[in-house]
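Thanks for coming. I will talk about a few side chains and where they sit. Please look at the screen.

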Amino acid sequence: MANLPRLGALAAALLFASAVPAQTTQASVLADVNARPSAGFLGSNPYHGRYINHYAEQRFLKLGGKAYFRAYTQKAGWELWESGGNAKSTRMVSDIRPGGGGSYPNYLTIAGGKLFFAANNGSKGVELWVKDSSGVRLVKDLYPGASSSGVAYIAALGNKVVFYAYQPATGYELFISDGTAAGTQLLKDIYTGRSSSYPAYMRTDLSGKRVYFRARDNKNGYELWVSDGTASGTRMVKDLRPGTGVGANPYRFVPAGNKMFFVANDGKTGEEIYVSDGTAVGTKMLKDVWPGSSSGSYLYYSVALGNKLLFRGYQPGRGYEAWVSDGTTAGTKLLKDVYPGASSGYFNYPESIGGKVYFQANDGKRGYEIWESDGTTAGTKLFMDTYRGSSSGSPRNLIRTSTGKWYCLAYQLYSGAELVELDPVNKLTHVVMDIRGGDGSSSPAYMTEVLPGKLIFAASEPVMGRELWFTDGTFLGTSGLDINKPVGKPTSTEPSYAYYASRFGTGLVFQANDGWHGYEPWISDTTSKGTHLLQDVQPGIDGLSGAYGQELGGRYFFRGFTDTHGYELWVSDGTPGGTKLFMDLYGGDVSGNPSYLQRIGDKIWFSASSGPDGRGGAEPWVTDGTIAGTRRVSDVRVGTSSSSPRYFAGEGGRVLFRAYDGATSKDHGYELWISDGTAKGTKLLKDIRKGPLSSYPSYMTAYKGKVLFRAYTPATGYELWISDYTTAGTKLLKEIAPGTTNSYPSYLQVFKDKVYFRAYQPGRGYEIWESDGTTAGTRLSLDIAPGGSNSYPSYLTRVGKRYLYFSAYTGSKGYELWRTDGTIGNTKRVSDIYSGGSSASPSNQDGDRLSMVVARGKVFFRATSPVTGTEMYGYPNGATATPIQLGCSSSRLTASADPLLGTTTTLSLSHKIPGAVSTFLLLGGPGKTPIRVAGACASYLDFGGSIFLLAASSKQSFALPLPIPNAKSMIGSTLVVQAWQLTPAFPKAGGLQLSNAVELSPGN
């Protein structure tokens, strides 16, 4: 081993070079991610307020030359609004519920020249309301008093409406109204007595004389019903799934010609396409699009074209494509395989315009663009490529005005998703106005022509928020209306609700909402300046991405959401361009929903559902960071139901987790399972609570070749258990609360060679306990609130070698940040973020890992203050040594002690690599994001700065003292140590392997 001269001086030089601004000794906000004005200042968020049976209905409702919608103001809350297409004609129709509460008008429906809707005036509950020439009024209080009849699913039937409502004598049944109190009554008590038929998904046919819906009666499950507005004419059409069970559950009703198309499930074919003419003989399944019990018909994306229906269907080998049906079995077929082969072309956001259907699809060459169809294969073709090349314009909300102009939402270079005018003749696009500015998206929606050639729509921009906009297609003729004008001066900022934080490289990634993009992944190098949106996965304000993240091989895997794919597995290298969909586990817009991601060894375990491959519900999955190595481990609960696995923990190729195999006499409920990563090696480890009832094992934590966890039995309640990965070695560790009283052990964390956790004991309350894995060594550790009071310690987190951080409660300060070295004398509250008796509630959750995040000498957590709202905060620990990931070799690099100023920490490297090894121990500043060096290997050093060779060795293990200079200027700096190794026995990447890294943050 060769040490470079003056090692301490070199380390000091590097520390000075990598220094960041000096840390304070108080918790501080990482970044005020959502600096928008608070609650009442966020825009009116205009919404169509209708029951949407399928996508093509998403427009504002028009009556008498005006559009009607629901909007929010700070002064009135959610109320009914109208607009004639300009600012002057836009007004609140009525303040039904005076004050800021709002009446929440919903299910807007036009019948007989009247506007019917459900609303709550605050004293009558949710009831039926109407707007006619005389104004806005309550039609009838069907459930007198403050209780709600729960009016919903309003549908027009001639000049009347039918709807779902509740009365104590009948339950939820079918009602009818002509807009008068006398003419509003129970139409039919379908499920006689007080039980409910729950009529739902009402849909009027094109004749306007019949309404189709789903309901159940005293004999049948949920089946197809029809009504002509009379009691005798309200009847079940056909028992599609005979028996008294759940029934065929028809929904997604879409009229075309003289027929009603819908989705139903007969228990054999899955959800498929059906048709009805209102008679039993004329009601049938048209085609088992995906043969077998899997579902192949998705009528949310469907639209009528004359007497035909175009819809999205799925078949193995073809994926999701455009289908067509004329109401016959022979005429129900694939319309066009837009993306040939097993890949999906999809059939998204269809609109029927001028005798053709326009929809979004992907042919694999031009991305998601606009296609058109006349209902024939030959007539189904690309209409417009709104974003030239292979990139997607992702157009939707297509509309053609009465003056012949075409508009839609589409992505354009440098402008995000904005209102775009189309020129189909010359195949050109033009952004009407970049409302949001820059590459952000205003996400225009609900485009509706109210005046000839003029549209109203909802869109978002930084000053007003999401508001109502008007356009005549010109820049000067496009303007927004600030319906929700601020009342008074904002006194606080809106919370971003930063959460789901996880370590990535030498920084962190977390989910947050800045008020413009929805909940999306944010990345931080632990400085405010270096904290920014990673990617707007779902453009617009409806983002739902960034949860359940874990790093593997220098990349960050997380759950992301888009309308096109639902919740699926995404991956990022820390850059916007390198953040993308990793795998669509389920296929289509149905979510695989990867959850509870947990890094164990060189793999990530998680729960997910798979769809088109026919493998069922949520089951255990694993990935090694490659597509080929991403697979479902086992179908624990055989079939389409979910075993709902979670709480993955283990080591040495063995993983324990909780799963549910059912509740029949042959099943075991939620119990403890074990897996070696293969289907054959996945099995029930122990049925802790014998029989089909559950022990609910949770909070699994690996410790010294064993796993500690919480489980329930009727005799002991929820107590602490331990497992050595064998059935015989899985047993109750200690009954902390004697008898059937629950101790509820939780927030398990390994610290100073023990496991610390929260538990309850009568006379002591909820306090911190510790365990060395033995019954005798499991005992109360810290009684923070003596005398039976509760400190409720939670989110226990090990930071460096010396401290355990957690959230704890005291009556005078609420929930705040605490720290301990394991002794009661050095256990104290370290920060009062929300001063007074209010709580900052420090916390973090990413799946089942209920702990805070440590990076660059700080502990990061979500907290609330009156100044910033709920944001990500950091607290400086002082000297901290933190291991980063596990590397891609079997070597392990450790630091013997936290790098206290003026002391020496020893860097130890242990090898378990066969053959000759050449090791180079490198020291440098922290890189902003991991650098993938060799396959799954990742370096955490900043190669744009100085890199020092600390040691070179061919030994299997060695230790190197690293002096830390006694220089206060180093406080707040960070350096990284990592071993690079060459071995002929490792053929990949020329024999290069990297150990894990160790992050050193010098301090006191």
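Where in the chain does Val933 lie? Val933 is in the loop between β74 (926-932) and β75 (938-941); strands (E, at least two residues) are DSSP runs, numbered from the N terminus.

A word on the source. This is a predicted model, in which local features need pLDDT of at least 70 and side-chain atom pairs count only at pLDDT 80 or more, while totals for chains, interfaces and linings use all residues. Residues are numbered from 1 along each chain as its sequence is written, and side-chain values use heavy atoms, with hydrogens and water left out.

Back to Val933: it is partly exposed, with a relative accessible area of 30%. Buried means under 20%, exposed over 50%, and partly exposed in between, with a 1.4 Å probe and protein chains only.

Next, the aromatic rings. The structure holds 61 aromatic pairs. Rings of Phe, Tyr and Trp (its six-membered ring) pair if their centres lie within 6.5 Å; planes under 30 degrees apart count as stacked, over 60 as edge-to-face, and the rest as tilted.

Why is the pair of Tyr47 and Tyr446 called edge-to-face? The ring centres are 6.0 Å apart and the planes stand at 80 degrees, so the pair gets that name. Tyr47 is in the loop between β1 (28-29) and β2 (61-63), and Tyr446 is in strand β34 (residues 445-451), 399 residues apart. Tyr47 is partly exposed at 29%, whereas Tyr446 is buried at 13%.

Ring pairs also link a cluster of tyrosines, among them Tyr51, Tyr107 and Tyr251.

Key. Helix = DSSP H or I, 4+ residues; strand = E, 2+ residues; numbered from the N terminus.
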